[in-house]
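Here are my notebook entries from a look around this structure.

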Amino acid sequence: MEFDITLPEISVDVVPNPKGDRIYFLPKGHDPIKNVAEDEFSGSVGDSLLLRDRRGKLYYAGVGGDPIIKLDTYRKASSMAARALQSKGSTTLTFVCPGDHFDVSPIVEGALIGLYRYEAFLDDAAKSKSTVTKIQIAVDAPNLGFARQQADKAIALGSANNWTRELGNTPANVMTPANLAKAAQSMAQNYGLKCTIFEEKELSKQGFGGILAVGQGSRNPPRLVVLEAINGKKSQAKICVVGKAITFDSGGLNLKTGNSMADMKFDKMGGCAVLGIMRALAEMGTRKNVVGILAIAENMPSGNAYRPSDIITTYDGKTIEIINTDAEGRIVLADAIAYARKKFNPHVLIELSTLTGSCMVALGHKRAGLFTEDKKIKDKLIRIGESTGDLVWPLPYGGEFDEDIKSEVATVKNVGDRYGGASFAASFLKKWADKTPFVHLDIAGPSYQTRSTPYSIKGASGFGVRLVTEYVLES
Ligand code: BES
Ligand code: ZN
Ligand code: ZN
């Protein structure tokens, strides 16, 4: 079976004159709109007003009163406007660029992200009636060229972000490890990336004991996917981006209980983000050296499942004592990180995973946990997080946490104390990165949303695609 996912095409044009259904961004304290009282539209963030004139609908989006308005404020306002007008039947939207030399990319990204809906399995009759097919950005003639460049970059990011969401929203009965690998392969073919897929036999031959152990309880066998985009100079830094892709995390023999299993098709979002990052970079024609790696498995209980007390030998020979089969992400990642280090010797290894419930407890659904010892990388990721809207916050690891994952029978055990779970998991992963500069992003919270936000509908968010793509572009 061929496995491919395509989303509806939305064209994006840069035009000199605003026509049709138009969106204006207005700050707080703007000149009042004709015939509109201040209390009807104040210009605060999230505030909006829909009017109509001879030429079409007019949507005013408030962007607040800060002296410097954040890029992410425009992204959110644009997303809200696009959704509101789409639901009113608009098919073409014209965003009026709010200033000279204004970076239009958050407007385009916001609109694309806002317009995304997950409808793959809906009956035709239930699918949305109205669909925006065209977005226009109206800018003054001298800025057309610059705006076109920014828009192209934003299209690459926005559509990669939505594709990541579509992969993520696809349930585990359809998005099996083999099908996720196929989706990676077909993307790689479209964008001219080198793609290597390790199936069970190869995994076993090369000693990927972690991925095999986690995958052995499922009838859908595991995969390791490696995507290579070595397009920069030889002397240029090499970046490896590694993702956890558990297509479904039932917990294994330590079966999850109650509601905690419900969202576990999203346990593949780290890997899906890696695919989105590789796609966005390829679409932009980025000249960098980047390798994307996905550790893919389904964590299921069965007569063949791995057990608490098993001892697993991973790719680099380090061993793991299994305490809890639900702490499976770090086990598949141990193999993938060791492989990335040994095979590619990268200057930096960035790893994304929906790793721990405790990180979500600590930081909620908006921010990812950031673990790294490198202060420069840390500051850079925090700054890019603010501008892309993929927010992160630093947490500690190593040191005192290392003590608690010591095992009497193996290199380490896979679970530490109940409290500080996110830091134990990060400390575990660090061992497999060894001396390679390492960044771990625990995206358990922000990788999916349990309700619609001003930004987008509930479900997979594509967190990490914009953050890491921008990081790579800046390195
Ligand atoms: N996939 C989960 C973490 C998770 C929880 C992601 C909620 C998204 C939302 C992970 O594999 C897991 O089950 N972790 C356990 C570890 C524990 C057994 C040490 C956890 O966090 O409870
Ligand atoms: Zn788990
Ligand atoms: Zn998991």
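I counted a residue as near a molecule if one of its heavy atoms lies within 4 Å of it. With that rule, I found 17 residues around ligand 1, the closest being Asp249, Lys256, Asp267, Asp326 and Gly357.

A note on conventions: this is a predicted model, where local features need pLDDT of at least 70, side-chain atom pairs count only at pLDDT 80 or more, and totals for chains, interfaces and linings use all residues. Residues are numbered from 1 along each chain as its sequence is written, ligands are numbered from 1 in the order in which they are written, and side-chain values use heavy atoms, with hydrogens and water left out.

Next I looked up polar contacts (here, pairs of N or O atoms within 3.5 Å). An oxygen atom of ligand 1 lies 2.8 Å from a side-chain N or O atom of Lys256, and I noted 2.8 Å again for an oxygen atom of ligand 1 and the side chain of Asp326. Thr354 uses a backbone N or O atom, 3.4 Å from a nitrogen atom of ligand 1.

I then checked burial: ligand 1 alone exposes 520 Å², and the protein buries 80% of that (Shrake-Rupley method, 1.4 Å probe). Both β9 (238-249) and α9 (357-363) give two or more residues to the shell; elements are DSSP runs, helices (H or I) of at least four residues and strands (E) of at least two.

Last, the sheet. I found 3 strands in an open, mixed sheet, ordered β11-β12-β16; strands pair if DSSP finds at least two bridges between them. β11 (311-313) and β16 (412-413) are at the edges with a single partner strand each, so one side of each lacks a neighbour in the sheet. β12 (residues 319-321) pairs with β16 in the parallel sense over 2 bridges, and Glu321 has Lys413 of β16 as its bridge partner.

Conventions
Polar contact = N/O pair within 3.5 Å; in protein donor to acceptor, adjacent residues only side chain to side chain.
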